[in-house]
Structures are given as structure tokens and as C-alpha cells.
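User: I am new to protein structures. Can you show me how to read one, feature by feature?

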Amino acid sequence: MRSKLVSLAASVLLCTTAYAGDSCSSAPAAEETKPDATVVLNGGSVAIGVGYTWGHGELTYQESSHPFSISGVSIVDVGATDFSATGEVYKLTQLSDFAGNYVAAGAGITLAGGGTALYLKNEHGVVIKLLSTDVGLKFKLSADGVHVALKN
């Protein structure tokens, strides 16, 4: 029985790695495209089945900094994580388009000190490519949604 569980866990890890590697090939923003803005983000999440994510960040757009907040929920989620991320923003033609509801589809596993690459897209077509460093232990298999709001 123990060997079956180890085999199952190894299969999940290999499938997750394969899926994560494939997500870059169908990325919503071309790698050679110059970003319109950059972001720095810090936050956390906690979950047992259904989770909640929160954070705050700084958008640098047209040589100005704009603070923002994020919040959202996830499903089929277990664990607690603190994260920090940096990212590039694409398809941002006006500041007001940055705010909105972003979705990201993915499956992944995060281990202590691990990292994640994630693409988010909102209803205005704005795409954020985030590179994050997570602290904690978390297993996640879901489509996430987060709400981004610009602060005044």
C-alpha cells in the first residue's frame, strides 16, 4: 500500500511538472514582447479546501508608481503560504485597465523555498506574468481568480 501511495505522489509531481513546463509554450504574452509596466507584489494565502489570497503591491507604469491590492479565492487548495513576486505587465494601454478580475489556470505544487511562474489575465485583456517565491508548504490544483484594485 505504501509503495502505491509513493507511486501516486510521484505521478502527480511528474504530471504537474509536465503541465507547468507546457504552460510557457502557450503563454498569453510573447516572451519577445516588451512589457508595458512592471509589478512587485507581497501577500499570503491560507486554505483547507477553499482558500483565500490577499496582498498588496506596486505597479510601475509610465515612470510612475501606483499602489494596488489583491484578494481572491481558490478551490481544491490546502496549506498556508507567504509570497513575494515580481512581474511584467502586457497589453496595458491605460492605467484604469489594470484594475479588474484576473484569472489563472494552472496546476502546481509549491514546496518550502520553491518558486512559481504564473500568467494572469483580466477582462480588459491585461496580462501579468508573475514570478513568485513562496514560503511554506502548499499543494494546489485549481483555477484561481483574484481581484486587483488600484489604491488612491
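Analyst: We will go from the overall layout to the aromatic pairs and then the core. This is a predicted model, where local features need pLDDT of at least 70, side-chain atom pairs count only at pLDDT 80 or more, and totals for chains, interfaces and linings use all residues. Residues are numbered from 1 along each chain as its sequence is written, and side-chain values use heavy atoms, leaving out hydrogens and water.

User: How many helices and strands does the protein chain have?

Analyst: Helices (H or I, at least four residues) and strands (E, at least two) are DSSP runs, numbered from the N terminus. Here there are one helix and five strands. Their order from the N terminus is α-β-β-β-β-β.

User: What share of the residues counts as buried?

Analyst: Buried means under 20% relative accessible area, exposed over 50%, and partly exposed in between, with a 1.4 Å probe and protein chains only. Of the 152 residues of the protein chain, 34% are buried.

User: How many aromatic pairs are found?

Analyst: Rings of Phe, Tyr and Trp (its six-membered ring) pair if their centres lie within 6.5 Å; planes under 30 degrees apart are stacked, over 60 edge-to-face, and the rest tilted. The whole structure has three such pairs. In one of them, the ring centres of tyrosine 52 and tryptophan 54 are 6.1 Å apart and the planes are at 20°, so this pair is stacked. Tyrosine 52 is partly exposed, at 41% relative accessible area. Tryptophan 54 is partly exposed too, at 37%.

User: Why is the pair of phenylalanine 68 and phenylalanine 98 edge-to-face?

Analyst: Their planes are at 75°, with ring centres 5.1 Å apart, so the pair counts as edge-to-face. It links distant parts of the chain: phenylalanine 68 is in strand 2 (residues 64-90), and phenylalanine 98 is in the loop between strand 2 and strand 3 (100-110), 30 residues apart. Both phenylalanines are buried. Phe68 and Phe98 form one aromatic cluster with Tyr102.

User: Which residues touch the most other members of the largest nonpolar core?

Analyst: In soluble globular proteins, nonpolar side chains tend to be buried together. A nonpolar core is a set of buried Ala, Val, Leu, Ile, Met, Phe, Trp, Tyr and Cys residues joined through side-chain atoms within 4.5 Å. The largest one has 20 residues, and Leu59, Val89 and Phe98 touch the most other members. Strand 1 (37-61), strand 2, strand 3 and strand 5 (127-150) each give two or more residues to this core.

User: Which residues are in contact with leucine 59?

Analyst: Contact means heavy atoms within 4.5 Å. Leaving aside neighbours within four places in sequence, the partners of leucine 59 include Val39, Phe68, Val89, Phe98 and Leu150.
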